[in-house]
Amino acid sequence: MKWLLILAILFGTVGAADAAEESLGTKIKEAFEPAPTSTPSRKHQKRSSAKATPTASPAASAKRKKASPTPSPTPTPKRKSKRKKASPTPTPSESPAAKETSSASPAETPEPARGKKGWPNVSLSPNEIAGYDSYPAKVRQILGAGLALTKQNLGYSYGSADPANGGMDCSGFIYYVLRQNGFPDVPRDSSQQYVWVRKAGNFNAVLSRKEDSFELDALKPGDLLFWRGTYNIDRDPPITHTMIYLGREKRTNKRVMIGSSDGRTYDGKQRWGVSVFDFKLPPPPSSGDAKISPVFVGYGRIPGLTED
């Protein structure tokens, strides 16, 4: 028993010593450990403070983000609105242009329809024609009606005898003007108009191709002029073109005529439609086919026209 007690005391002292050593060791460790634990905590605080500083920057970035989206949406709707406004504006601006062309087309339709383009139609006033005031009253009435048509920008329209159609052909012009001025028996086409004049005994044939030929000495304002071979057609007699003689232009002293044509000239420039034209004798035929070589046949007084 004594030995057991001694052993227990010994082991207890040893265990107490071990426990004391362990407590001392832990105290030593704790003495050394607080310093490193405090330093990382400070570093952590510094890092957290550093993180706190960027927290202010995200706030600023958030403000910047808020500021950036506000301008960005404003330009986009403006651009869209501009694009929307720009897209409709050309379409209406072009549509009136199309409307304008269509509104102007009735007078010019016959020429573009044939694929031909020429200089504008020409009109003369009575005081631009030499000796116009001395013309017989009925002649002035007929020529005045014809000159009024040259101011309507009428095109050449084959088969038409009514200015309401936007144009007339050569014999349609003669037919319309004479019927409107007291000649109801005037035929419709140029060939029959030629026969109409020939039957009245008022026709003068022209064989010469010279401007100063004596065959033109009897030519008077208001006379009807006739050609053959201006286009290919089989008719008897083969007259294909007709106009009315105006007289001489004061400015140039050249002979001029009035009517509707698909390419005759005034002042050296081609015109298509109802206009004033130069009266010239055509050159010799350049083709072996007489049907397509213009030849001036002659002129004659309008049947029933008085000299008063």
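Analyst: What follows sets computed values against the definitions behind them.

This is a predicted model, in which local features need pLDDT of at least 70 and side-chain atom pairs count only at pLDDT 80 or more, while totals for chains, interfaces and linings use all residues. Residues are numbered from 1 along each chain as its sequence is written, and side-chain values use heavy atoms, with hydrogens and water left out.

User: How many helices and strands does the protein chain have?

Analyst: The protein chain has eight helices and eight strands, where helices (H or I, at least four residues) and strands (E, at least two) are DSSP runs numbered from the N terminus.

User: Why is Gln152 called partly exposed?

Analyst: Buried means under 20% relative accessible area and exposed means over 50%, with partly exposed in between (1.4 Å probe, protein chains only). Gln152 has a relative accessible area of 42%, so Gln152 is partly exposed. Gln152 is found in the loop between α6 (137–150) and β1 (155–156).

User: What makes the pair of Tyr194 and Phe226 edge-to-face?

Analyst: Rings of Phe, Tyr and Trp (its six-membered ring) pair if their centres lie within 6.5 Å, and planes under 30 degrees apart count as stacked, over 60 as edge-to-face and the rest as tilted. By this rule the count comes to nine aromatic pairs. The ring centres of Tyr194 and Phe226 are 5.6 Å apart and their planes stand at 75 degrees, so this pair is edge-to-face. The pair links distant parts of the chain, with Tyr194 in helix α8 (residues 190–199) and Phe226 in strand β4 (residues 224–228), 32 residues apart.

User: Why do Tyr194 and Phe226 count as buried?

Analyst: Tyr194 has 11% relative accessibility and therefore counts as buried, and Phe226, at 0%, counts as buried too.

User: How do you know which class the aromatic pair of Tyr245 and Phe279 belongs to?

Analyst: Tyr245 and Phe279 lie 6.0 Å centre to centre with 65 degrees between the planes, and the pair is edge-to-face. Tyr245 is in strand β5 (residues 239–248), whereas Phe279 is in the loop between β7 (269–278) and β8 (295–300), 34 residues apart. Tyr245 counts as buried because its relative accessibility is 4%, and Phe279 is buried because its relative accessible area is 2%. Ring pairs also link Tyr245 and Phe279 with Trp227 and Phe296 into a cluster.
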